[in-house]
Amino acid sequence: MNRRILCVDDDPNILNAIRRNLRKQFEIDTAEGGAEALTRLHPENPYAVVLVDMKMPGMNGVELLESVRKKAPDTVRIMLTGNADQQTAIESVNRGHVFMFLCKPCSTEILSGVLERGVEQYRLINAERELLENTLAGSMRVLTDILSIKDLPGFGFALLLQEMVANLLPSFPELSKWEMDITAMLSQVGMLTVPEFIVDKYRSGIPLTSEEQGMLASAYEAGSKLLSKIPRLEGVCANLHFINKNFDGTGRPFNHAGGNEIPLGARLLRICHDLISNERVLLTRALALEALQRDARKYDPVLLARVIQLLSDNKSTTTEGNVKVSDLKSGTILSSDIASTDGLVLMTAGTRLSPVLIERLNNYQLLGLIDAQVKVTVTG
């Protein structure tokens with residue numbers, strides 16, 4: 001268990017006293033001020049708890065804890081101050097998201113107990129992350145792989161959406177990575193509620209009746225409803241529920257929500273979703289982006305401009321090459337259809353391969369039903 005504690009105070013005597021009294025219980029580091037404290041924060045060797053004095057020159061405790069929250073959000077933050085005023089407490093909680101607030105003088109016994117609670121809170125935070133990011137997200141990936149066999153084109157689209165969102169997320173730290181990842185992965189699950197012939201008509205470009213269009217439009221709401229039965233996916237369900245909602249308030253679901261009332265995750269997913277759809281029809285990203293701008297009422301204008309800028313800054317290039325089926329890697333994109341020896345198309349160009357699909361191709365190859373090599377797209 002991580003028992004690393006960083007104590008920050010401009011008085012070295014106080015720091016020495018804390019280290020001397022608590023060194024047998026915790027791994028104590030000290031810093032004489034906010035600037036020094038921030039240099040000690042490293043993601044590869046995090047602190048479980050940061051204990052900060054309020055009154056320090058240069059950077060006070062509230063300002064420091066606000067910076068700690070951004071740089072090391074999992075580290076538990078505790079404020080220690082001689083100012084027992086209400087405003088200090090309010091600022092500490094609101095800006096620094098402080099776990100506990102202590103007043104000087106504070107006995108070693110009380111401080112030790114609070115730090116123990118802080119260490120336990122840190123453990124719980126990381127246990128929650130383990131559950132959400134590894135156990136739950138891993139289960140969702142398995143579900144996606146299985147569903148991809150039922151609807152390969154749909155879940156191939158979901159993989160493209162997942163990749164685009166993942167590339168953009170570093171610029172949106174306010175969004176939960178695991179929630180956005182799962183939302184993208186399972187974005188097409190609602191399509192399983194739509195009769196297959198309607199989905200086939202839509203993907204083939206055949207005009208749909210108004211009733212059929214309504215079924216497709218409600219697929220994301222249906223997906224949200226299906227996933228609502230799984231605990232911890234409330235954010236994922238909200239993103240799916242509103243992914244077809246236009247920024248101007250039109251679109252589905254039919255309610256009064258609009259603008260910033262639509263979850264940020266849903267707004268970002270809508271832009272990425274429509275961009276990928278446009279690229280499939282218009283063939284180039286430049287034309288696809290122009291199409292988004294022509295229909296700008298659907299999108300958050302600030303978010304759309306930001307996404308366009310981020311994608312414009314990404315100058316990756318792609319080439320095609322042949323790869324042995326046995327050497328295929330997860331995430332590889334097919335650049336041409338894979339057909340069986342009798343001419344049946346098994347997978348289409350643009351499919352992003354998952355472990356399940358790669359295993360399936362290996363089995364086809366072992367049976368002699370496909371060539372030993374396939375054409376793929378390589379991004380550089």
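Glu221 is buried, with a relative accessible area of 19%. Buried stands for under 20% relative accessible area, exposed for over 50%, and partly exposed for what lies in between (1.4 Å probe, protein chains only). The model is predicted: local features need pLDDT of at least 70, side-chain atom pairs count only at pLDDT 80 or more, and totals for chains, interfaces and linings use all residues. Residues are numbered from 1 along each chain as its sequence is written, and side-chain values use heavy atoms, with hydrogens and water left out.

### Exercise 1: the whole chain

Describe the protein chain by its secondary structure, span and burial.

Solution. 
- Step 1. Take the secondary structure. There are 15 helices and ten strands. Helices (H or I, at least four residues) and strands (E, at least two) are DSSP runs, numbered from the N terminus.
- Step 2. Take the span. Along its principal axes, the C-alpha trace covers about 80 × 50 × 40 Å.
- Step 3. Take burial. Of the 380 residues, 44% are buried.
- Step 4. Take the contacts, meaning heavy atoms within 4.5 Å. Among contacts with a separation of 6 or more, 63% come from residues 24 or more positions apart.

### Exercise 2: Glu221 and Arg252

Which parts of the chain does the pair Glu221 and Arg252 link?

Solution. 
- Step 1. A salt bridge needs a side-chain nitrogen of Lys or Arg within 4 Å of a carboxyl oxygen of Asp or Glu. Side chains of opposite charge can pair when their charged atoms come close.
- Step 2. Check the pair. The side chains of Glu221 and Arg252 form a salt bridge at 2.6 Å, N to O.
- Step 3. Glu221 lies in helix H10 (residues 219-227), and Arg252 lies in the loop between H11 and H12; the pair links distant parts of the chain, 31 residues apart.
- Step 4. Turn to a network elsewhere. Salt bridges that share partners join Asp248, Asp295, Arg297 and Lys298 into one network.

### Exercise 3: around His241

Where does His241 lie, and which residues does His241 contact, its neighbours within four places in sequence left aside?

Solution. 
- Step 1. Locate the residue. His241 is in helix H11 (residues 234-241).
- Step 2. Classify it. His241 is partly exposed because its relative accessibility is 28%.
- Step 3. List the contacts. Beyond neighbours within four places in sequence, His241 touches Glu221, Ser224, Arg252 and Pro253.
- Step 4. Inspect the last two. The peptide bond from Arg252 to Pro253 is cis, with omega near 0°. Pro253 sits in the loop between H11 and H12.
- Step 5. Compare sequence and space. His241 and Pro263 are 22 residues apart in sequence, and their C-alpha atoms are 9.7 Å apart.

### Exercise 4: two further salt bridges

How many residues separate the partners in Arg4–Asp29 and in Arg123–Glu120?

Solution. 
- Step 1. Count the set. The structure holds 13 salt bridges.
- Step 2. Take Arg4 and Asp29. Their side chains meet at 3.0 Å, N to O.
- Step 3. Classify both ends. Arg4 is buried at 10% relative accessible area, whereas Asp29 is partly exposed at 22%.
- Step 4. Take Arg123 and Glu120. Their salt bridge is 2.7 Å, N to O. Both lie in helix H5 (residues 108-150), three residues apart, about one turn of the helix.
- Step 5. Classify these too. Arg123 is partly exposed at 36% relative accessible area, and Glu120 is partly exposed at 31%.

### Exercise 5: H12 against H13

At what angle do helix H12 and helix H13 pack?

Solution. 
- Step 1. Read the geometry. H12 (residues 264-282) and H13 (residues 285-294) pack at about 125°, with their axes 8 Å apart. H12 is therefore oblique to H13. Angles under 35 degrees are roughly parallel, over 145 roughly antiparallel, 65 to 115 roughly perpendicular, and the rest oblique. Axes are lines fitted to C-alpha atoms, for helices over the stretch in contact, with angles from 0 to 180 degrees between N-to-C directions.
- Step 2. List the residues. Ile271, Asp274, Leu275, Asn278, Glu279 and Leu282 in H12 meet Arg285, Leu287, Ala288, Leu289, Ala291 and Leu292 in H13.
- Step 3. Sort by class. This contact has eight nonpolar, one polar and three charged residues. Ala, Val, Leu, Ile, Met, Phe, Trp, Tyr, Cys and Pro count as nonpolar, Asp, Glu, Lys and Arg as charged, and the others, Gly among them, as polar.
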